[in-house]
Amino acid sequence: MSGQSLMDSLFQRTLEDLIKGLRQQLIGEQAFISKALEEIRKEIKSTDLSTKSTALLKLCYLSNLHFHDMSFAAFHALEVLSSPRFSHKKIAYHAISLSFHDSTPVLLLITNHLRKDLTSTNEFEVSLSLQCLSRIANVDLARDLTPEVFTLLSSNKLYVRKRAVAVVLRVFEKYPDSVRVCFKRLVENLENYDPQILSAVVGVFSELACKDPRSYLPLAPEFYKILVDSKSNWISIKVLKIFAKLAPLEPRLANRVVEPICDLMRKTGAKSLLFECVRTVVTSFSEYESAVRLAVGKIREFMVDEDPNLKYLGLHALSIVASKHLWVVSENKEVVIKSLSDPDPNIKIESLRLVMAMVSEHNVAEISKVLVNYALKSDPLFCNEILGSILSTCSRNVYEIIVDFDWYVSLLGEMSRIPHCQMGEEIENQLVDIGLRVKDVRLELVRVARDLLIDPALLGNSFLHRVLSAAAWVSGEYVEFSRNPLELMEALLQPRTSLLPPSIMAIYIQSAFKVLVFCLHTCFVRGGSTAGVSASASYESFDDLSVENGAGSTVAHGQTCTSAPITNESIVNLLKLVELALSPLLGSHDVEVQERARNLLGFVDLIKLEALNSSGQEENDSEQKGVEATKIIRLVHDAFSKELGPVSLSAQGKVPVPDGLTLNENLGDLETICSDIELPSSNTFSFGYPSEEKDVSSFSNLQIKEDSGQSNESTSLLAEHRKRHGLYYLPSGKSEVISNDYPPANDPALQGDNNDTASDLVKLTAESLVPKRKPNHSKPRPVVVKLDEADEKPVAVKHPESRDDSLSGAVRDILFGSEDILPTSSRSNLPSSNRKGKEKQHMITQVESKENVVGDGNSSSRRKDHSHGKERRHRKKNAEERNETDRKEKESSSNHPRRQKSRQRAEEPLKVPPQTSVIPDFLL
Amino acid sequence: MIHFVLLISRQGKVRLTKWYSPYSQKERTKVIRELGGVILNRGPKLCNFVDWRGFKVVYKRYASLYFCMCIDQDDNELEVLEIIHHFVEILDRYFGSVCELDLIFNFHKAYYILDELLLAGELQESSKKTVARLIAAQDSLVETAKEQASSISNIIAQATK
């Protein structure tokens, strides 16, 4: 054994050997590494610490730069750590901070090693262990080592002290209760004159203040002093960050700080500090006109600078200002627009954001035009960036800024023709969405859709397929607005449609179906009476369009604006065309396409006879049959002419759950039982239009029923299964209810069998429609249908405290010196939300008790300032407290002694002794 | 704070990685692959900042090496550029006109220097001289230990214990 280890140490590869070997790559990198790893695994078990540590170092190298797992060496690293030699320790600490994480099992064993080194007399050992702690600290480590870190915070070795300060941040994060121990000492370090220590402390506070600024307001005087006195730019930047967080909370503080910041901005030569000043002003001091002006001046200098970094930051700062002072952006419009053609993509995107910030309903048309032209010329990536931002800006808040929808729809059409356009999906959604929401624009929409459909070149571009599917759907759904349905039909059935993916192909066929039904209906049912004359005779004014309301189940026929005559002859041609185009699709591999093609052809077969008859002969001859065909056409037409409306996302939630149906029952174990039985697989696809995505899933219920009805095999299987596992089946009556309960909300084909629940749903949907009209436009804005709840995106309520509440709570306790709070240990173990509630309650009771019994108005007002959430509940008290704060202000300024006196008298029953303000008015 | 520091060569080889926030081994490789792709493909005269997954990555190229640091959205980019420069100057002073090979063969030393400079993702030491002094002091500690360890008699003594 000893001989072995001797050989190991004498002939061990050093790190340098390893790297050299790796670079020479005689046997290939992977092979070399695995060989080296094998060696390391052997060496690391050696009893000789030098050998072990060298092996560990090599392993670190491989793990760090070649990403090999080194978790197997965790325990060995600890062994090396126990070595008395500094060089070994160093390697061990390096390895540990590289590879340990919260779930490393040997983490428990490291505590004592760290403690030993933290108390070592060698400052470098202390530093190593602090460094390691900052990286691997978890709750236990932070708790157990808090006393040591606390001692180090006032170490007389500056080198150690500043490191301890930096590490304290991590300890606080992991174990908030340590705040109670360490915070005072941390604050004491704020008054230190050593710039290094000051830098570290300020760094810690700037991180802490990011999470919960309110707790650190009382320290504002100290920060102010640092801001004014600091000579170091590093420190100034950090202090500015702190003030950026504090200033919005306390206007008096902002008043005081804004001048020094402006001074700093004028004097400093360092760009980094200058930029920090600018950013602080534009984010947190945007009410101070002069400061903002100064900052904007600097921003302009940044933007016209040669250095792309400054240019980028200038634009970035400008976009922060834009949210509050839009005039600044318009003032610098030229620079911004010029930056759109910068070679740097980041700068371009930033300036694009700014341009989009300028968009309003008055200029949206011009800006979009300019941008689309830009998009035409720029590279694909940026082109799509532009298109994406136009689309998202225009559709914001249900097309809030769009007044002229005709223009917008044609813009969408134009955008989809841009060669690099990859925003097909978004354009598709918007086309359909606008079609559903804005009635007045449908005419233009159909025209745009027709232009897109007719162009055979577009079919070759796979990015456009989604747009085309929307166009096809729109032209099918709103075919009554089409000038020439026959032409539309040809476009939908053109040979190049074979390039489309099956799902879109299916939409094309369905649209063709609708168009065909419309043509037939025009010709036979309506035109029949006037003997197949051109429908253009009944060309009516468009005013009717706006009269039409959503409740009507039939779209008024008078709206037709077909200009091309539909004669019997053209119908015959049409039918031939359909047969010609679709018969090859009967053999399609895609079920969806096949089924729809079959449907349509079946319909054509049904009609053809009549059409041919009535074209060749007198109507009387085949009256009986003709009537039947007309009936069919009318039925199908009625089915299609039922208007689709947008469905509120919450519509389904309004359907009451039937009694006895538990939706949340866990069916997980059902799967294990079913795994051996083949379920009928035909329920995997669903039929629906793209607009119905919201609700399509509910079809499957119906479909399962149908399928099982049709196929005996699966029925018997199901029956058998039901017999075996009847327990898991819902009672048969119930299952019927379920399938009826969630019908496809607006599917035209199913609208016919208007069962009760479906009509309920329709009613619910109708209820939730809130038509909204925007007044005072020279040109009236068309009605945009909005769904009340569905369109209001649920805004996630942000609780600023949620994550760090325990930390900030602890900080608050320290800063506001409340010794009477619960013993800390009992609180630390509660889950945070729970604890938060408790804390709140606790605070409230405190406030009450103080106000009522002790009458110490001051401390309670202090509390009010620093505990969130309570305000809501204690409005009244707050009002009182506000009075007090007012009074204090008055006191300090002492302008109105009389009023102050009277107030004091009024408050005398409360026996409030006038005291100095807690946040001492920031008199610095 | 700084979330991680990366040194990537122009060929996409990783020369140094330091993580101040917890990233699993898998995430680390992913981050490096992603950022390497983004940063190495950027032209020479563009700005030194990249938006990345809600963070900002500040990078600067020195000779064939890209120094990258990832920071929070509201951190100061120019300050981080200065930190990078600071680091490079210290390396330069330590190795004597540093080159990529120095970092390859003394990869651990580069780490030790970085550890002096940054702690817990914050700048610790802004003086070049001090860093040089601290590193030298630690090096001498290591050297004395090594001399003891590598003497043959010591090895034999240990082995025959």
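**Rings and helices in a predicted model**

Let's start in chain B of this predicted model: both Phe4(B) and Trp52(B) are buried. What kind of aromatic pair do Phe4(B) and Trp52(B) form? Theirs is edge-to-face, with 85° between the planes and 6.0 Å from centre to centre. The two partners come from distant parts of the chain, 48 residues apart: Phe4(B) belongs to strand S1 (residues 2–9), while Trp52(B) belongs to strand S3 (residues 49–52) of chain B.

Now look at Tyr59(B) and Tyr66(B), an aromatic pair that is tilted, with 45° between the planes and centres 6.2 Å apart. Tyr59(B) counts as buried because its relative accessible area is 4%, and the cut-off is under 20%. Tyr66(B) is buried too, at 6%.

Counting over all chains, you'd find 27 aromatic pairs. In chain A, ring pairs tie Phe172(A), Phe183(A), Phe205(A), Tyr216(A), Phe223(A) and Phe243(A) into a cluster.

The charged end of Arg41(A) sits over the ring of Phe72(A), 4.0 Å from the centre. Over in chain B, Lys60(B) lies over the face of Tyr62(B), 5.8 Å from the ring centre.

Finally, let's turn to two helices of chain A. H14(A) (residues 233–246) packs against H16(A) (residues 271–284) at an angle of about 5°, and their axes are 10 Å apart. So H14(A) is roughly parallel to H16(A). Where they touch, residues including Ile237(A) and Leu240(A) of H14(A) meet a set in H16(A) that includes Leu273(A) and Cys277(A).

Technical notes. Residues numbered from 1 in each chain as written. Chains lettered and ligands numbered in written order. Predicted model: local features only at pLDDT ≥ 70, side-chain atom pairs only at ≥ 80, totals over all residues. Heavy atoms only, no water. Axes fitted to C-alpha atoms, helices over the stretch in contact; angles between N-to-C directions. Helix = DSSP H or I, 4+ residues; strand = E, 2+ residues; numbered from the N terminus. Parallel < 35°, antiparallel > 145°, perpendicular 65-115°, else oblique. Contact = heavy atoms within 4.5 Å. Phe/Tyr/Trp six-rings, centres within 6.5 Å; stacked < 30°, edge-to-face > 60°. Buried < 20%, exposed > 50% of the residue type's maximum accessible area, 1.4 Å probe, protein only. Lys NZ or Arg CZ within 6 Å of the ring centre and 35° of its normal.
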